[in-house]
Amino acid sequence: MKIATYNVNGINGRLAVLLRWLNEAKPDLVCLQELKAPNEKFPLKAINDAGYSVKWHGQKSWNGVAILSRVGEIQELRRVLPGDPEDSHSRYIEAIVNNMIIGCLYLPNGNPWPGPKFEYKLKWFKRLTAHAKKLLAEKVPVALIGDFNVMPTELDVYKPERWVNDALFRIEIRDAFKKLVEQGWTDAIRKLYPKERIYTFWDYFRNAYQRDAGLRIDHFLLSSQLKRKLVNAGVDKHVRGWEKTSDHAPVWIELKDK
DNA sequence: ATGCCGTGGAAACCACGA
């Protein structure tokens, strides 16, 4: 079972890149973020033709998340993170697939700090943490997957000192991530590669990709039932070098069947 | 230290991203 996450930065603008990568990597499940398309402009036929069924939650211009599967039915559980009826951003979708609960998320960016966007990010993180606790209490295989917009440690940033006042690296956000993980989640990439510099995002400008000036912000958090099955993980870094590509690269994990 | 690049949407600029 290969599960991937990919912030596509506009699913229609990146459709050729997405399809090329799906065909090459052949993930069984995929969590997508930043669709940047309203529900009716989701490229359903192209995704189906690539062999995937899909549940998605779009929004005009911004955000948008989707879960793709080529291995089993996607049983949607929710498309809103609980805790704020006023929140209109499409940043969360959750489903049962292959006897797992998959929570696909796009956490708010939060810049600039300080300000209302940063406060929204902190609140969203608290809501996620509360919901994550309930998911763990169900004692079933569950994964929280997506663009968390946080570099958990200094190992996850090319130049940590330049990012200390950025909303992706502010200590409040790193603490929020730490608190979430300490509920009992496993950061899959760090579990397998505790000391390596691994990035999942490179800015479009200043030749960030060529300089490998990257960030690790796309994560897999696994419950204990899935941690046991974790056998491999990686970043499809070369996809970031393709024409018309996203600023994120796809990230993936492999779980053994039993 | 910075939006230098790139998207979508509206309108030939703006909001937003990380």
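Two strands pair if DSSP finds at least two bridges between them. Helices (H or I, at least four residues) and strands (E, at least two) are DSSP runs, numbered from the N terminus. The views below show a predicted model, in which local features need pLDDT of at least 70, side-chain atom pairs count only at pLDDT 80 or more, and totals for chains, interfaces and linings use all residues. Residues are numbered from 1 along each chain as its sequence is written, while chains are lettered from A and ligands numbered from 1 in the order in which they are written.

**View 1. The open sheet has 6 strands with mixed pairing.** The strand order is β5-β6-β7-β8-β12-β9. β5 (75-78) and β9 (186-187) stand at the edges with a single partner strand each, so one side of each has no neighbour in the sheet. Strands of a sheet pair through backbone hydrogen bonds, either parallel or antiparallel.

**View 2. Strand β8 (residues 142-147) is largely enclosed by the rest of the structure, because 6 of its 6 residues are buried.** A residue counts as buried if 20 or more other C-beta atoms lie within 10 Å of its own, as exposed if 12 or fewer do, and as partly exposed in between, with C-beta atoms placed from the backbone. Strand β7 (residues 100-106) runs parallel to β8 and is joined to it by 6 bridges. L105 has G146 of β8 as its bridge partner. From β7 the chain passes through α3 to β8, a β-α-β crossover that is right-handed (clockwise from the first strand over the helix to the second, with the strands pointing away from the viewer).

**View 3. Strand β12 (residues 218-222) pairs with β8 in the antiparallel sense.** This pairing covers 5 bridges, and D147 lies opposite D218 in β12. β9 also runs antiparallel to β12, with 2 bridges between them. Here T186 stands opposite L222 in β12.

**View 4. Helix α4 (residues 171-181) has buried residues I173, A176, F177 and L180.** Seen down the axis of α4, they fall within an arc of 95°, so they line one face of the helix; the arc is that of the directions from the helix axis to the C-beta atoms. The face turned away from the buried side carries the exposed residues I171, D175 and K179. The cover over the buried residues of α4 includes α3 (116-137).

**View 5. Around DNA strand B there are 27 residues.** A residue is near the strand if its C-beta atom, placed from the backbone, lies within 6 Å of it. G10, G13, N109, N111 and F205 come nearest. The residues of this surface comprise 10 nonpolar, 9 polar and 8 charged (Ala, Val, Leu, Ile, Met, Phe, Trp, Tyr, Cys and Pro count as nonpolar, Asp, Glu, Lys and Arg as charged, and the others, Gly among them, as polar).

Definitions and conventions: Two residues are in contact if their C-beta atoms, placed from the backbone, lie within 7 Å.
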